[in-house]
Amino acid sequence: MKQLKKITLDQGMYITGIIVFIVLIPIHFLYFNALNNGQFDSCFVLKYFGIYCPGCGGSRAFYAFLHGRFIESFIYHPIVPYTGVIYILFMSTQTLQLLSKGRIKGIHFHYWFLYGAIVVIALNFLIKNILLLCFYITFI
Amino acid sequence: MDQNQNEEQHTYTEKWMDNQKSTTDVISHLFGDSSISRDTSSVVMHNPYDPVIPVNDNSDRQKNIGFAITGMVCGIFSMLACILMLFDIIVSILGLIFSIIAIAKKYAGKGMAIAGIVCSCVGLVLSVGFFILCIAFSI
């Protein structure tokens, strides 16, 4: 009986990355361009309760990142450029490794990518709310 | 060629067995233990030419590191998507389940599983809190 080849963590993440890319392209064209035309409603948590939720600014940041406005994207929500940079580096180097049959080494998936994401989300949530509540500085 | 190799292997095995016997003598001499006999027939002899297969007890646990990773990813997503309330509650519960399984079954990635539980709890509290506030203020 032919045994199935074991998939490593990097290969699993690479396949997930391809699926995410296939899913995100229609979302980008349908949701951002066709339906909203780049215009966003304010998050209802900010609108009604006066504080930022942990995901506030995510859609704007994603839209700005896809249009090459990276600093604007970082200001809206730093998790988007953080994820975007790691995604591009990982996928491009893994593709190079695949095409060169292992001669070029791709970067591996590290667990600190996930820990870093938690730190970024927590810092973004705390700093933005402190600046909003204490100094009335808005970001969205 | 094969005969020479077999003879060499046999000689090596005999030398090794003699060495074992002499070791037993030294132990019995030092500690005065008469129970240690020269009879080595009951001792399982391993052929030094046998390949050594490393035994890794953690291999099964390492395979299931996906539980901790999934729990942590669900936790991060539940924190970001707390605005989606009912959907987020489901994701938070999934994150909790995966993380708790990873800890309870002692799979690899305990740190990630703990982080997954913390993030899922934060996401769950936020989404339930916003949901209750929405009902209270009839938004």
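Modeller: Let's start with Ala136(B), which is found in helix H5 (residues 110-136) of chain B. Helices here are DSSP runs of H or I with at least four residues, strands are runs of E with at least two, and both are numbered from the N terminus. Ala136(B) is exposed, with a relative accessible area of 58%. On this scale buried means under 20% relative accessible area, exposed means over 50%, and partly exposed lies in between (1.4 Å probe, protein chains only). Ile83(B) is 53 residues away along the chain, and its C-alpha atom is 16 Å from that of Ala136(B).

A word on the ground rules: this is a predicted model, so local features need pLDDT of at least 70 and side-chain atom pairs count only at pLDDT 80 or more, while totals for chains, interfaces and linings use all residues. Residues are numbered from 1 along each chain as its sequence is written, chains are lettered from A and ligands numbered from 1 in the order in which they are written, and side-chain values use heavy atoms, with hydrogens and water left out.

Of the 139 residues of chain B, 27% count as buried. Take the contacts (heavy atoms within 4.5 Å) in chain B with a separation of 6 or more: 72% of these join residues 24 or more positions apart.

Which residues touch Ser92(B), leaving aside its neighbours within four places in sequence? They are Ser78(B), Ser120(B), Gly123(B) and Leu124(B).

Ser92(B) and Ser78(B) also turn up where two helices meet. Two packed helices are described by the angle between their axes and the distance between the axes. The axes are lines fitted to C-alpha atoms, for helices over the stretch in contact, and the angles run from 0 to 180 degrees between N-to-C directions. Helix H3 (residues 65-80) of chain B packs on helix H4 (residues 86-104) of chain B at about 155°, with the axes 8 Å apart. That makes H3(B) roughly antiparallel to H4(B). The classes are: under 35 degrees roughly parallel, over 145 roughly antiparallel, 65 to 115 roughly perpendicular, and the rest oblique. The crossing of H3(B) and H4(B) is left-handed, meaning that the near helix is turned anticlockwise from the far one by less than a right angle; clockwise would be right-handed. Among the residues that meet are Phe67(B), Met72(B) and Phe77(B) from H3(B), and Phe87(B), Val91(B) and Phe98(B) from H4(B). By class, this contact has ten nonpolar, six polar and one charged residues. Ala, Val, Leu, Ile, Met, Phe, Trp, Tyr, Cys and Pro count as nonpolar, Asp, Glu, Lys and Arg as charged, and the others, Gly among them, as polar.

H3(B) also packs on a helix of the other chain, H6(A), at an angle of about 20° with the axes 11 Å apart. H6(A) and H3(B) are therefore roughly parallel, and their crossing is left-handed. From H6(A) the contact takes Leu114(A), Tyr115(A), Ala117(A), Ile118(A) and Ile121(A), and from H3(B) it takes Ile69(B), Met72(B), Val73(B), Ile76(B), Met79(B) and Leu80(B). The contact of H6(A) with H3(B) has eleven nonpolar residues, with no polar and no charged ones.

Follow H6(A) into its own chain and you reach another packed pair. Helix H5 (residues 79-99) of chain A and helix H6 (residues 112-135) of chain A cross at roughly 165°, their axes coming within 10 Å. H5(A) and H6(A) are therefore roughly antiparallel, and this crossing is right-handed. Ile79(A), Tyr82(A) and Ile86(A) in H5(A) meet residues of H6(A) including Trp112(A), Phe113(A) and Val120(A).
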